[in-house]
Amino acid sequence: MGASWTPPRAPRGTADILPEQVHAWHRVERTAAELAERYGYRELRTPAFEALELFARGMGEGTEVVEKEMFLLAPSGRARVEAGPGEAPDAGPRAQAPAGGHGAGGAEPLALRPEFTAGVVRAYRQHGLDKTRGLLKVYSIGPLFRYERPQKGRQRQFHQVNLEALGTGDPRAELELIAFAQDLLGALGIPDFAVRLNSIGCAQCRPGYRERVRALLQPRRERLCANCRARLDRNAFRVLDCKLCAEHTADLPPMAEQLCAACAEHFAAVRAGLELLDVPYRIDARLVRGFDYYTRTVFEFPSGRLGAQDALGGGGRYDRLIPDMGGPELGACGLAFGIERLLLAMDPAATGSAAAEAAERARRAAAVYVAATPEPGPRAAALELVTELRRAGLEAEFDLAGKSLKAQLRAADKAGFGWVVIVGPEELARGEVALRQMAAGHQQRLPRAELLARLAPAVPLAARPAR
Ligand code: AMP
């Protein structure tokens, strides 16, 4: 054994989710999953890493995420960490790219997923679901990875609730997603639901618009930020959503007025649907969203409770992605909410440690603590009892820290257990236990065999063993 070692802290832009915080996470994840199921979406779990090419082709080579924010993967032995050890966690995503830029086993380069959509469409194609199912409605919940500069509401490992409807060009598919979003935020108690909406057209009408934007912006080139000067040549469209350059683009004609007939009809149907469902929305001609795959409808859900990163979530239609991945001409749309941002926007009374503590106490009120004296017999009996109670469907706990009986009883009381079972040598010899109902403060001895029946009212029905 060498000298004691201080392990590195968790990498920048990541966060541990401690047991007292997980309560709020469960609330978001369960609410989202139950609601998604109610809307006919079923869970799909794809790998946390995929071929880099999938994201590059799917989201677009020139997009910010693909160009600058991908975490590439290398197997150990081939990793080449260029930074010093102290800097390693923050040395840049490519610091860990292996020589030659190849991934595991020297085969295709791999990357941690920065979003769900590309992987979901890959799975849809790979399993032939476009042929056997046609329409596939799926949701996913899990971590994603982007090498961004961390700030409030922006991390390098973050989590999303993501829904995708694959194989449909029906504008009601977007409307269903937006209705889901409204219900989710309502169920989480996030006030002031609003949709920012735009249409960015399709492969027919967007290129002409893009050229127009480029031509109009060319004379103002020097006034644009460095990023946008580069974007102007590659994809002038992107300049539209740059906040730094907003004053130079404010007078540009909105894309929604340049749509081809089919896109205009689709957009009108989406707007009519929002009015039908009474969903408040605002057209935002600046909304283009970051990935190349979007077509037609794009939307975002802002919240006044967030900082500069004010989007709780967003999404849109991506009719080219399935055909671009070699599939049939089928449309699709999706949305994603950042779970960290949902938690920031929720009422602290619902997410804070007081809420977690209240939930914990409510559970403990129906739970059993098995206390034992320190002799080997009672200690073994406590293990046996606690296991039996758990297998019968009760939440049960015992001491693993070597506390005295008195200290165990104090701990059980402090934690708010509804019941305490006490085993000592005397009880053990008689085949009995002492049962204390904490709220009533009374204690009785009873045959051990009767314990379960006595506690049965506390057993949730569903958890009782079938007979
Ligand atoms: P996007 O996939 O970029 O359209 O983002 C959808 C949603 O995911 C955003 O509205 C955020 O809520 C969340 N999100 C995206 N990037 C991050 C990040 N780096 N950290 C935290 N949340 C994020």
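**Ground rules.** I number residues from 1 along each chain as its sequence is written. The model is predicted, so I take local features only at pLDDT of at least 70 and side-chain atom pairs only at pLDDT 80 or more, with totals for chains, interfaces and linings over all residues, and side-chain values on heavy atoms without hydrogens or water.

**Entry 1, the whole chain.** I looked up the secondary structure and found 18 helices and 16 strands. These are DSSP runs numbered from the N terminus, H or I of at least four residues for helices and E of at least two for strands. The C-alpha trace spans about 95 × 60 × 45 Å along its principal axes. Of the 467 residues, 47% are buried. Buried means under 20% relative accessible area, exposed over 50%, and partly exposed in between, with a 1.4 Å probe and protein chains only. I then took the contacts between residues at least 6 apart in sequence, and 69% of them join residues at least 24 apart. Contact here means heavy atoms within 4.5 Å.

**Entry 2, H1 against H6.** Two packed helices are described by the angle between their axes and the distance between the axes. I read an angle of about 145° for H1 (residues 19–38) and H6 (residues 171–187), with the axes 10 Å apart. The axes are lines fitted to C-alpha atoms, for helices over the stretch in contact, and the angles run from 0 to 180 degrees between N-to-C directions. The crossing of H1 and H6 is right-handed. A crossing is right-handed if the near helix is turned clockwise from the far one by less than a right angle, and left-handed if anticlockwise. On the H1 side I listed Arg27, Thr31, Ala32, Leu35 and Ala36, and on the H6 side Phe180, Asp183, Leu184 and Ala187. The residues of this contact divide into 6 nonpolar, 1 polar and 2 charged. In this count Ala, Val, Leu, Ile, Met, Phe, Trp, Tyr, Cys and Pro are nonpolar, Asp, Glu, Lys and Arg are charged, and the others, Gly among them, are polar.

Pro171, Glu174, Leu175 and Ile178 of H6 meet His266, Ala269, Val270, Gly273 and Leu274 of H10. I noted 6 nonpolar, 2 polar and 1 charged among the residues of this contact.

I found Tyr39 in the loop between H1 and strand S1 (42–43). Tyr39 counts as buried because its relative accessible area is 19%. Beyond four places in sequence, Tyr39 is in contact with Lys137, Glu176, Ala179, Phe180 and Asp183. The side chains of Tyr39 and Asp183 are joined by a polar contact of 2.5 Å. A polar contact is a pair of N or O atoms within 3.5 Å; within protein, one must be able to donate a hydrogen and the other to accept it, and residues adjacent in sequence count only if both atoms are side-chain atoms. Asp183 is also one of the H6 residues that meet H1.

Arg317 lies in strand S10 (residues 311–317) and is buried at 0% relative accessibility. Its side chain makes polar contacts with those of Glu174 at 2.8 Å and Asp319 at 2.7 Å. Glu174 is among the H6 residues that meet H10.

I placed His159 in strand S6 (residues 157–166). His159 is buried, with 13% relative accessibility. Its side chain is in polar contact with the side chain of Glu340 at 2.8 Å. Leaving aside neighbours within four places in sequence, the residues in contact with His159 include Trp25, Pro143, Phe337 and Glu340.

In H4 (residues 117–126), 8 of 10 residues are buried. Among them are Val120, Val121, Arg122 and Tyr124. The buried residues of H4 pack against elements including strand S5 (136–145), S6 and helix H11 (321–324). Gly128 follows H4 and has a positive phi, near 65°.

A polar side-chain atom of Arg289 is 2.3 Å from a ligand oxygen. For the side chain of Arg146, an N or O atom is 2.8 Å from a ligand oxygen. At Ala311 a polar backbone atom lies 3.1 Å from an oxygen of the ligand.
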